[in-house]
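Student: Could we take a close look at one part of this protein? I'd like to see how the side chains there meet each other.

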Amino acid sequence: MGAVTISDVRKIYNKTEVLKGVSVDIRDGEFLVLVGPSGCGKSTLLRMIAGLEEISSGEIAIGEQVINDLAPKDRDIAMVFQSYALYPHMTVEENMAFALKLKGMSRDEQHQRIVRAADILGLTPYLERYPKELSGGQRQRVAMGRAMVRNPAVFLFDEPLSNLDAKLRVAMRSEIKQNHARLKTTTVYVTHDQIEAMTMADRIVVMHNGQVEQVGTPLELYDRPANLFVAGFIGSPAMNMLSGRLTPDGFIAVDGTRVAIGPEAADIGERDVVLGIRPEHFALSANGHDAEILAVEPTGAETQVVMRFAGSEIMIALRERITEKPGATLAISALPGCLHLFDAASGLRLN
């Protein structure tokens, strides 16, 4: 079984608490992504699963076995690092076979595993090459293959695509996800890139300041962020945030602009709130509010427009192509049912 149970895990360096009681249940065969800004503790947590960092308190178990005191080699895990960490004097095949040799595996078994992994990863033509003769993407495949041949209970990935260019990152994201679908091995993947997290994960753990902010599927986090941090972190372009006062008949922004919320506003009660609206949930509307164009950013598939609206600078994303220039105004409105309300004091979701 490759299920991983993380129970109230803490990490303290000197007097600094880096992880503050993290608990996550990772299902057998799941692709789980740890995401968050630099310094949030996600790589530290991954290294604790791997046995490369000591656990200050709490427990980590793989299957039914608590692994706190097990050496990394005894944990039945395989890790792919941000740097490929390939042996330059060994061929691709020798790099992939190295860990198997250390385990005393027979040459026939080594060969069978390497052939299978090389076929899955498209490395068969490169088995006799050295790392210096490979592209960045091919080296990353070798690093993945070296982990794959061990048939671990859990794969650990520590920002493996950070060193690749944008186009290759997109291709490798798809390859990693397809390989997971074939192998069905429990995978824990660390990244600071929320697009990587959204496109690859079965579930995402959003971390911030050593704590778990929210756990859920990509669309759960996108559609119903639990707090302001998750709302601002998940989604690109980021969610627009407007501060103001919620009243029984709607939302009043700091500049007096009134936005209709719907009947749920009456249920929440009057209070200071932050109104979140994603860029794609605005539309041009003859009956909308006038907003000044600050910048127009065409991307081809859509047009992103930076605007001054309700006393704040916002971004809207339109499928239409517009000809208006900065300084002009457009009438816009928010789509009903797509508004997010957060308590101004606590940052927690209200609706």
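Student: Which residues do ring pairs link into a cluster?

Tutor: Keep in mind that this is a predicted model. The cluster is made of F31, F155, F157 and Y189, joined up by ring pairs. Across the structure, the count of aromatic pairs comes to 6. As for where they sit, both belong to helix 8 (residues 228-233), and being 4 residues apart puts about one helical turn between F229 and F233. F233 counts as buried at 17% relative accessibility, while F229 is partly exposed at 21%.

Now try another ring pair, F282 with F309: it is edge-to-face, with 5.9 Å between centres and 80° between planes. This one links distant parts of the chain, since F282 is in strand 15 (residues 282-298) and F309 is in strand 16 (residues 303-309), 27 residues apart. Both F282 and F309 are buried.

Rings can also pair up with charges. The charged end of R278 sits over the ring of Y222, at 3.8 Å from the ring's centre.

Then there are charges meeting charges: the whole structure has 13 salt bridges. Take E175 and R141, whose side chains meet at 2.8 Å, N to O. E175 is partly exposed, at 21%, and R141 is buried, at 16%. Another salt bridge joins R27 and E30, with their closest N and O atoms 3.8 Å apart. Here R27 is exposed at 51%, whereas E30 is buried at 5%. You'll also find D8, R10 and E17 linked in a network of salt bridges.

Last stop: Q214, in strand 10 (residues 211-216). Q214 is buried, with 13% relative accessibility. A polar atom of the Q214 side chain lies 2.7 Å from the backbone nitrogen of A226. Beyond its neighbours within four places in sequence, Q214 touches a whole set of residues, including I204, V206, L221, R224 and V230.

How values were computed
Residues numbered from 1 in each chain as written. Predicted model: local features only at pLDDT ≥ 70, side-chain atom pairs only at ≥ 80, totals over all residues. Heavy atoms only, no water. Helix = DSSP H or I, 4+ residues; strand = E, 2+ residues; numbered from the N terminus. Buried < 20%, exposed > 50% of the residue type's maximum accessible area, 1.4 Å probe, protein only. Polar contact = N/O pair within 3.5 Å; in protein donor to acceptor, adjacent residues only side chain to side chain. Contact = heavy atoms within 4.5 Å. Phe/Tyr/Trp six-rings, centres within 6.5 Å; stacked < 30°, edge-to-face > 60°. Lys NZ or Arg CZ within 6 Å of the ring centre and 35° of its normal. Salt bridge = Lys/Arg side-chain N within 4 Å of Asp/Glu carboxyl O.
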